[in-house]
Structure formats: C-alpha cells, structure tokens
Amino acid sequence: AESEALINLFGMRCVRGFYSKTWQLRDNSVSQMLKDLDDKIKDRKPEDLMAQVFVPCMQAISSNANEKVLKVFSREVKLLLYIIEKIDERSKGVFPRTLRAPLDLFMTQLATRMGDNNAKIAIEANDAMCSVAGHKHYGNEVIRIALKIPDKLKPSAYRPVLGILRFILSM
C-alpha cells in the first residue's frame, strides 16, 4: 500500500530506484522526488495532499532511514525538511496526526544515527534533528526522542551517548 501511493505519485521507475540496492539509483530517485514535489503538490487538491503526497513520502523516507551512503542520506534529510516546510505552509497551526507515526519512526532512527560510526552521517543526523527541533508544533517531540537513550544499549556502546551529548551542545 505504501509503494502504491508512491508509485501513483512519482511513477514506477522512481520508486524502483528509491528501493534499489544500487546507491546511485537511490540517489537519483530522491533527487527526482525533491525536484518533482512542488509540481505534485500543485496538482493535488488541498484536501488530498495529506493522503496522496505527504504521508507516502514520509513513510518512504522513514523506511529508508538506515541509509549508509552519505549522499543519499543527506538528500533524504533534505526531502524530509522540505516536506515539513510544505506541511507548515498548509497546516492551520497544528501538526497533522497522520504524519506523527512515520515522523516519530524516522526521528527515532535519526536519533540513533547521531551516534553513527560514520562521522559525517552523525553530523548530518544531528543537524537534521536540530532543524526539526526548532519546529513550533513538533519540536518538543523531537527533543524528547533525541534525548532518549536507546533500549538495547550495551555498556561498551558510547557512540549513541556521544550523539545525544553532541545534540545537546548544538542546541
């Protein structure tokens, strides 16, 4: 169902690339989504935007949150921030409930990425968390998610804690 809505929005080729094992195809697909999103928003009625555009995009982004390639990960974060910006333009002062679950999932995964072994991905995740933490309707939830220590943390695992400390220092 998630893929169907995405296929209806961006087409089969773009969605296949998005879920491909080849990072270049994933990168091209995310770039295409970023480029086409404005047109897709303009083509839809305001009452259809949530179900036909924003929710499928958020679900797709959250399903790809463990991206290992920095370039693709950075574009996915840009897509997320762009979607949040577009939602803000259309919302009436309240963050939509239908987007809370996929966004919470992505933010939880992003919070764990703040302690990633790849320092550039950790920095990108931290920057994204800080950007969304400034959101007027969703920011407090992001801060709560970012400060939560992972459940399955080994005593020797210090990177997630360093990621949380880095987030606190950059606020």
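**Exercise 1.** Which side chain meets Asp 27 in a salt bridge of 2.4 Å, N to O?

*Solution.* The model is predicted: local features need pLDDT of at least 70, side-chain atom pairs count only at pLDDT 80 or more, and totals for chains, interfaces and linings use all residues. Residues are numbered from 1 along each chain as its sequence is written, and side-chain values use heavy atoms, without hydrogens and water.

Step 1. Apply the criterion: a side-chain nitrogen of Lys or Arg within 4 Å of a carboxyl oxygen of Asp or Glu. Arg 75 is the partner of Asp 27, at 2.4 Å.

Step 2. Arg 75 lies in helix 5 and Asp 27 in helix 3, 48 residues apart. Helices here are DSSP runs (H or I, at least four residues), numbered from the N terminus.

**Exercise 2.** Is Asp 27 buried or exposed?

*Solution.* Buried means under 20% relative accessible area, exposed over 50%, partly exposed in between (1.4 Å probe, protein chains only). Asp 27 has 5%, so it is buried. Arg 75, at 24%, is partly exposed. Lys 71, at 42%, is partly exposed.

**Exercise 3.** At roughly what angle do the axes of helix 4 and helix 5 cross?

*Solution.* Axes are lines fitted to C-alpha atoms, for helices over the stretch in contact; angles run from 0 to 180 degrees between N-to-C directions. The axes of helix 4 (residues 49-63) and helix 5 (residues 70-90) cross at roughly 155° and come within 10 Å. Angles over 145 degrees count as roughly antiparallel, so helix 4 and helix 5 are roughly antiparallel.

Conventions. Helix = DSSP H or I, 4+ residues; strand = E, 2+ residues; numbered from the N terminus. Parallel < 35°, antiparallel > 145°, perpendicular 65-115°, else oblique.
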